[in-house]
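Here is a briefing on one protein model. Look at the structure first, then read the points below.

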Amino acid sequence: MRILILGINYFPERTSVAPFTTGLSEHLSARGHTVQVVTAFPFYPEWRIWEDYRGRITQKETRASVRIRRVRHYIPRRASSLTQRLLHDFSFTAAALCAGLAAGGCDVVYCSCPPPALALAAYVLSRIKNVPYVIKLTDLASDAALATGILREGFLVRCARVMEKLVYGRAQAVVCLCEDFREKLARSGIPADRLCLIPDWGDTESIHPCPSDGSFRKANRIAGEKFVVLHTGNMGKKQDLLNVVRAAALSKGDSNLLWVIVGEGEERARLASEIGARGLDNVLLLPLQPVSQLCQVYAAADVLLLNQKAAVKDAVIPSKLLTYMAAGQPVMAAANSHSVASRLVREARCGVVVKPEDPADLVDGARALRANVPLRLEMGANGRQYAEGNYNKARVLNLYDQFFGSLCESQPDFAGAMD
């Protein structure tokens, strides 16, 4: 098949959906499909085009036999306002549409959301090229905007829901990452037979349990006796990491407890300002770490933290959680008790769930885990076993092979081309 993939994040970005879109594209190419990708210049999670890619409007490259077309779009320094967010989403949608039109013929358009507006480009391209389109959907834009406070119930939310119903309902198929989300989409009116359950994978190959060699702690001057609670990844509104700063303020007198936040994102400057204003020396703010050192980063921690706003109920399993489980360390989830993330932590028995937006409960949870070494070891082993059994990469990619195979069988032209 000739597959045109639209996705705003791609290699060399290491967070968000980039590893999954990259991994899927390269896998499909290795399986014999002709794959073209339309994507942005790397900008995430710093919200700034990476230095090696600046000064260009568009760029072509090839990686692992995948042809990549990068396009320029509007990138705000912080996508904190609705106007900035809309300009960001729709400028990439427009650029991707133009690049998709220039990409030549294809048999199917595969759209990886976010941003949700990108599905509009997939819809238009499918109509012009007279081919079906499929969408990998991680959330409903209207729900995400409400949960993070970008929008309130009203006219704009109703408009977003109309757009969602149009573009998602007309897709040949919608890939959902968990059963809860599939059921939610079915209730919204999307035909159940178009909803396909394929989770993201946990990186159980490169992320694995290992003894700490002390390098991460030494590099960041973390004493060996410190009990480290570590959060890694994006620093955005959804993560509500001010909750961690407030927890650090409450536990300032606990000299053995250290909070470490690793990553980048739109809220990083605000976090640094709060830490400085409060005079906190029991919380470290560090940049993203090299991929080659991630196992040692996780091994240096005693507990891995997933922190979210209380309004976030997650239509999907956060990829951060799967990575934590792969690392074989206990997890503390400060998340809505009804969220997919909280339910998975309980189901896998890989950690504890504490109240979101409650720094006192976060501190209590950390201290309770600090006091119970055998429980932490058991939770870490449980998480690793669960990730290997349910979210390993080979299993997930096999599901995608079946998915694209079913698309081929359902379209006579595809089958003829394959023959």
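Is the crossing of helix 8 and helix 13 left-handed or right-handed? The crossing of helix 8 and helix 13 is right-handed. A crossing is called right-handed if the near helix is turned clockwise from the far one by less than a right angle, and left-handed if anticlockwise.

This is a predicted model: local features need pLDDT of at least 70, side-chain atom pairs count only at pLDDT 80 or more, and totals for chains, interfaces and linings use all residues. Residues are numbered from 1 along each chain as its sequence is written, and side-chain values use heavy atoms, with hydrogens and water left out.

**Helix 8 and its surroundings**

- Helices (H or I, at least four residues) and strands (E, at least two) are DSSP runs, numbered from the N terminus.
- Helix 8 spans residues 242–250 and helix 13 spans residues 359–370. They pack at an angle of about 70°, with their axes 8 Å apart.
- That makes helix 8 roughly perpendicular to helix 13. The label covers angles of 65 to 115 degrees; under 35 degrees counts as roughly parallel, over 145 as roughly antiparallel, and the rest as oblique.
- Axes are lines fitted to C-alpha atoms, for helices over the stretch in contact, and angles run from 0 to 180 degrees between N-to-C directions.
- On the helix 8 side, Asn 243, Val 244, Arg 246, Ala 247 and Leu 250 make the contacts. They meet Pro 359, Ala 360, Leu 362 and Val 363 in helix 13. Contact means heavy atoms within 4.5 Å.
- The buried residues of helix 8 are Leu 242, Asn 243, Val 244, Val 245, Ala 247 and Ala 248. Buried means under 20% relative accessible area, exposed means over 50%, and partly exposed is in between (1.4 Å probe, protein chains only).
- The cover over these buried residues includes helix 13, helix 9 (268–278) and strand 10 (257–264). It also includes strand 11 (283–286), strand 12 (303–307) and strand 13 (331–334).

**Aromatic pairs**

- The structure holds twelve aromatic pairs. Rings of Phe, Tyr and Trp (its six-membered ring) pair if their centres lie within 6.5 Å; planes under 30 degrees apart count as stacked, over 60 as edge-to-face and the rest as tilted.
- Phe 43 and Trp 47 form an edge-to-face pair, because their ring planes stand at 65°, with the centres 5.6 Å apart. Phe 43 is buried at 2% relative accessible area. Trp 47 is buried at 5%.
- Tyr 110 and Phe 404 form a tilted pair, because their planes stand at 45°, with the ring centres 6.0 Å apart.
- Tyr 110 lies in strand 5 (residues 108–112) and Phe 404 in helix 15 (residues 393–410), so this pair ties together parts that are 294 residues apart in sequence.
- Tyr 110 is buried at 2% relative accessibility. Phe 404 is buried at 1%.
- Tyr 110 and Phe 404 belong to one aromatic cluster with Tyr 400 and Phe 403.

**Phe 11 and the cis bonds**

- Arg 63 lies over the face of Phe 11, at 3.6 Å from the ring centre. A charge sits over a ring if NZ of Lys or CZ of Arg is within 6 Å of the ring centre and within 35 degrees of the ring normal.
- Phe 11 is also joined to Pro 12 by a cis peptide bond, with omega near 15°. Pro 12 lies in the loop between strand 1 (2–7) and helix 1 (18–30).
- Tyr 44 and Pro 45 are joined by a cis peptide bond too, with omega about 10°. Pro 45 sits in the loop between strand 2 (34–40) and strand 3 (58–63).

**Positive phi**

- Most residues other than glycine have a negative phi, and most peptide bonds are trans.
- Ser 65 is not a glycine, yet has a positive phi of about 65°. Ser 65 lies in the loop between strand 3 and strand 4 (66–71) and is exposed, at 58% relative accessibility.
- Asn 130 also has a positive phi, of about 60°. Asn 130 lies in the loop between helix 3 and strand 6 (133–137) and is exposed, at 70%.

- Ser 126 is in helix 3 (residues 118–129) and is buried at 1% relative accessible area. Leaving aside neighbours within four places in sequence, Ser 126 contacts Val 131, Pro 132 and Tyr 133.
- Gly 7 is in strand 1 and is buried at 2%. Not counting residues up to four places away in sequence, Gly 7 touches Val 38, Thr 39, Ala 40, Phe 92, Ser 112 and Leu 118.
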